[in-house]
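Here are a few notes to read alongside the model. Take them one at a time, and keep the 3D view open as you go.

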Amino acid sequence: MSQQASKQRAAEAALELLPERGIIGLGSGSTAALFIDGVGRLVQAGRQLVGVPTSEASRQQALRLGIPLLDDAGPWDLDVCVDGADEVSAALDLIKGGGGCHAREKIVNEHARLNVIVVDDTKLSRRLGEQWPVPVEVLPFGAQATLERLRRLGPTELRRRDGAPWRTDSGNLIFDVKTGPIDDPAQLDARLLAIPGVVETGLFVGRAQLVLVAGAAGVRRLERA
Ligand code: 5RP
């Protein structure tokens with residue numbers, strides 16, 4: 001089974017969890033986009049679902065599909081948020097931010113009663129950091145000074161696109177910190193957040209209640225104890 005087909009399966013499994021009516025967090029990335037396509041189909045069929053998008057891309061997709069959206073400022077009381085991830089550990093902690101949307105994603109995640117992560121089985125690791133660096137969103141002001149602090153935690157690169165610094169939806173920069181395998185993600189998250197200039201990290205510790213992992217054998221449900 002292709003990775004794309006696995007993503008589709010995971011997204012479809014998440015659609016089955018949605019209430020008849022409710023407020024849904026719309027994640028970002030290619031797997032979340034497949035989920036949003038499905039939400040669009042449900043809305044067109046009459047399901048009373050309202051979304052909170054976690055990125056400008058997700059917002060544009062939702063608007064194209066006719067999914068009603070709540071105001072950006074909140075507050076929101078989300079029934080469920082469905083999002084992707086770049087890496088999922090055995091403890092169901094996550095690295096997110098491959099698309100640079102993790103700051104908004106973490107805000108929306110915080111306000112959902114149920115957080116569901118949809119991934120294909122290539123995303124599973126024993127420990128976070130085995131496959132991915134940790135994306136860190138940083139204010140442009142003092143970025144080189146913040147970089148110098150981040151480099152104390154591992155080799156760190158400014159994320160670029162077409163040679164130019166990548167900008168998040170909020171106009172900030174992304175530094176990818178290659179920590180290697182992480183023993184204590186919560187402690188690393190706290191250390192990163194203590195650096196002035198850091199807006200948010202891509203470490204999601206204790207933030208996924210249910211991970212739907214799709215592969216050739218079907219969809220597995222991994223639940224936080
Ligand atoms: C964006 C994210 C995405 O959810 C993550 O990068 C996974 O994306 P994909 O489903 O395309 O593999 O965190 O910031």
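1. Let's start with a word you will need: a residue is called buried when its relative accessible area is under 20%. Please also keep in mind that this is a predicted model.

2. Now try the word on a helix. Which residues of helix H6 (residues 185–193) are buried? They are Pro185, Leu188, Asp189 and Leu192. Looking down the axis of H6, you will find these buried residues within an arc of 105 degrees, so they line one face of the helix.

3. What do the buried residues of H6 pack against? Two of the partners are helices, H4 (102–110) and H5 (143–150). The others are strands: S7 (134–138), S12 (198–201) and S13 (203–204).

4. Next, have a look at Leu26, which sits in strand S1 (residues 21–26). Its relative accessible area is 0%, which means that Leu26 counts as buried. Leaving aside residues up to four places away in sequence, Leu26 touches a list of residues that includes Phe35, Ile36, Val39, Ala62, Ile67, Leu69 and Val82. Gly51, Val52, Pro53, Thr54 and Ser58 are also among the residues that Leu26 touches.

5. Is Asp83 buried or exposed? Its relative accessibility is 3%, so Asp83 counts as buried. You will find Asp83 in strand S3 (residues 80–83). The side chain of Asp83 makes a polar contact of 3.1 Å with the side chain of Lys96. Beyond four places in sequence, the residues touching Asp83 include Lys96, Gly27, Ser28, Ala32 and Glu105. Val116, Ile117 and Val118 are on that list as well.

6. Finally, step back to the whole protein. How many helices and strands does the protein have? There are six helices and 15 strands. Buried residues make up 50% of the 225 residues. Among contacts with a separation of 6 or more, 74% join residues 24 or more positions apart.

7. One last check concerns overall shape. The C-alpha trace spans about 50 × 40 × 35 Å along its principal axes. For 225 residues, a compact globule would have a radius of gyration near 17 Å, and the protein's 17 Å agrees with that. The accessible surface is about 10,300 Å², and 51% of this belongs to carbon and sulfur atoms.

Notes. Residues numbered from 1 in each chain as written. Predicted model: local features only at pLDDT ≥ 70, side-chain atom pairs only at ≥ 80, totals over all residues. Heavy atoms only, no water. Helix = DSSP H or I, 4+ residues; strand = E, 2+ residues; numbered from the N terminus. Buried < 20%, exposed > 50% of the residue type's maximum accessible area, 1.4 Å probe, protein only. Polar contact = N/O pair within 3.5 Å; in protein donor to acceptor, adjacent residues only side chain to side chain. Contact = heavy atoms within 4.5 Å. Arc of directions from axis to C-beta. Rg over C-alpha atoms; globule rule 2.2 N^0.38 Å. Areas by Shrake-Rupley, 256 points an atom, 1.4 Å probe, with all protein chains shown as cover.
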